[in-house]
Amino acid sequence: MSIATYFRYIQWPWALALAVALPILTAWLVRWGLRARRDRLARLGTPSMVARLAPSVTQQRSWSAILRTGLATLLLGLAIAGPRWGIEQNVVKQQGVDVVLALDASLSMLATDEKPSRLQAMKQEIDRLRDLSPGDRFALLAFAGRSYILTPLTVDNSALDLFLQNLDPSIVGQGGSSLASALRQATNLLALNKSQGDKAIILMSDGEGFDNPEEVLAEAQRAREMGFTIITVGFGTPEGSTIPIVENRVVTPKRDENGNVVVTHYDPALLKSIADEAKGVFIDARTPDKAGKIRLALNTLHANPRSMVSGENLGVQFQWFVLAALIFLGLDTFLQTKRRRRQAVAAAATTASMLLLTTTSCRRAPERDKPGIALYNTGTTLLRRDSLTPAIQPLTKPVDSKDAELRHHSRFNLGLDYLVQGLRSKDSADAPLDSALYRYKQILEVAVADSDARWNYELALRKKKGGGGGGGGGGGGGGGGGQSKTPSPAPAQSPNQAPAPKPVPGMTPQQAEAVLNAAEDKETDVTGKHQKKNVPTPPRGKDW
């Protein structure tokens with residue numbers, strides 16, 4: 001590990017020179033003072049005579065005083081340099097709206113009628129929009145023949161940059177342009193969010209869609225009914241361009257199934273119809289500053305105040321070095337004045353007050369729910385031993401604990417217990433499966449990006465519909481079958497189960513439908529992870 005790597009643990013590395021110079025200077029001053037004091041005492045008489053006449057001014061051992069003061073100044077110098085370790089989150093209070101960026105990643109976006117390409121021009125506009133919107137949360141959704149969620153709503157610019165840089169037609173893995181699936185998944189994603197501010201969907205495309213226009217407009221109307229604003233942004237030119245395709249390091253134009261060269265054109269008609277149907281805003285491809293126009297449209301929405309974690313840094317821990325320095329200084333003060341008890345008591349009180357202030361300034365770790373943790377450990381042990389019914393009671397008690405981490409893990413393992421019971425049941429499995437669906441829904445309402453909970457929710461939903469599936473364990477399982485689009489009922493009670501939990505109040509039918517639709521979209525998202533290994537068979541017909 002290089003020296004530069006260690007410097008990341010120091011806030012001001014240049015101050016390390018001060019940490020070295022201060023002890024040397026202090027030691028020299030203390031030694032010089034003791035020597036001057038010894039010379040003054042020598043003028044009064046011999047050391048034995050001075051000790052008898054003035055015992056209170058008899059000199060102490062010089063090296064012990066130098067060592068104590070030198071260590072104290074060394075620690076103070078290190079504190080000035082700003083030592084850092086651990087994790088410190090920066091919480092920023094801002095106002096903004098929640099925005100889903102639905103980005104066209106079809107092959108037609110590689111056309112070069114916009115320089116350097118439609119896709120790169122779209123990325124440049126997104127970067128400018130993010131610079132103009134520091135308080136907004138963004139989610140990325142790529143679509144071609146199907147849609148695929150890249151990130152949930154987040155303010156993590158590093159994650160957004162990573163997915164934007166790697167955005168290309170291969171990330172979706174299916175040719176074509178399906179605007180309806182993009183609008184449907186963007187609406188479901190916003191419906192899962194419970195923030196009170198307005199929300200918007202920004203659809204960026206060349207408008208060359210091959211799906212049913214009536215289905216697209218129906219999804220736009222659904223988004224408007226749920227209170228979401230749609231902004232459509234066009235890219236390309238009406239004259240169009242060929243689509244460059246790289247095969248074996250050779251660039252060739254895209255050809256259709258008949259061998260003809262494909263020319264893709266910018267088609268604003270469908271984009272404008274979507275904006276009109278949703279009472280939103282349409283921004284034409286010829287608009288020079290698209291990001292500025294989008295920002296003006298977002299300014300008309302009601303922003304939601306929130307506290308956001310803007311990043312995580314190493315925490316500054318200077319107080320521990322100041323504390324140690326104060327201990328050495330207090331010890332030196334006490335030893336120098338031990339013959340004067342009143343002064344010693346005052347010095348000790350001052351040092352104790354400073355120690356108390358320093359100690360109370362240190363952050364305290366949040367208290368854990370120890371009884372709940374014990375119950376969770378008991379229930380988890382029974383679950384691992386395949387004692388499903390006995391594990392329910394100890395896992396049920398901590399599901400409403402104030403300890404957020406304990407509450408999350410208890411709900412997950414309790415849902416897993418019910419899920420395994422439902423998968424193994426040869427008779428009616430509705431009761432345990434309903435309980436499993438309810439527990440995983442509780443998790444998804446708090447952490448929508450929890451892939452394990454969403455997968456197990458999908459598995460329970462399939463089994464309940466009669467499609468079967470594999471066993472769930474840890475992160476879930478897999479299986480086939482259909483999915484329901486109505487809210488699941490509250491779990492029923494049975495003699496071998498804990499009392500069924502009550503449904504969460506205040507959930508609208510649209511939000512309940514969005515939760516189930518998000519589980520439906522999970523199957524498509526999981527298959528997208530294997531797109532690099534399994535190249536999909538290109539669809540017949542138009543695949544750009």
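**Group meeting: a predicted chain, from overall fold to single residues**

Good morning; the secondary structure of the protein chain comes to 18 helices and 12 strands, where helices (H or I, at least four residues) and strands (E, at least two) are DSSP runs, numbered from the N terminus. This is a predicted model, in which local features need pLDDT of at least 70 and side-chain atom pairs count only at pLDDT 80 or more, while totals for chains, interfaces and linings use all residues. Residues are numbered from 1 along each chain as its sequence is written, and side-chain values use heavy atoms, with hydrogens and water left out.

Let me begin with confidence, that is, pLDDT, the predictor's confidence in each residue, from 0 to 100. The protein chain averages a pLDDT of 77, and 72% of the residues score at least 70.

Turning to the chain as a whole, 44% of its 544 residues are buried, where buried means under 20% relative accessible area, exposed over 50%, and partly exposed in between (1.4 Å probe, protein chains only). The chain exposes about 28800 Å², of which carbon and sulfur atoms supply 56%; these areas come from the Shrake-Rupley method with a 1.4 Å probe, and for residues only the protein chains shown count as cover. Of the contacts between residues at least 6 apart in sequence, 74% join residues at least 24 apart.

Which helix is largely enclosed by the rest of the structure? That is helix H10 (residues 290–299), because seven of its 10 residues are buried. Those buried residues are Lys290, Ala291, Gly292, Ile294, Arg295, Ala297 and Leu298, and they pack against strand E2 (98–104), helix H5 (118–132), strand E5 (199–205), strand E6 (228–234) and E11.

Next comes a helix pair. The axes of helix H8 (residues 213–225) and helix H9 (residues 268–277) come within 8 Å and cross at roughly 35 degrees, with axes taken as lines fitted to C-alpha atoms, for helices over the stretch in contact, and angles running from 0 to 180 degrees between N-to-C directions. On the H8 side the contact is made by Pro213, Val216, Leu217, Ala220, Gln221 and Arg224, and on the H9 side by Leu270, Ser273, Ile274 and Glu277.

Lys115 and Pro116 are joined by a cis peptide bond, with omega about -5 degrees, and Pro116 lies in the loop between E2 and H5. Arg249, a residue other than glycine, has a positive phi near 65 degrees; Arg249 sits in the loop between strand E8 (244–247) and strand E9 (250–253) and is exposed, at 83% relative accessible area. Asp386, likewise not a glycine, has a positive phi of about 70 degrees, and its place is in the loop between helix H13 (370–384) and helix H14 (388–396).

Methods
Contact means heavy atoms within 4.5 Å.
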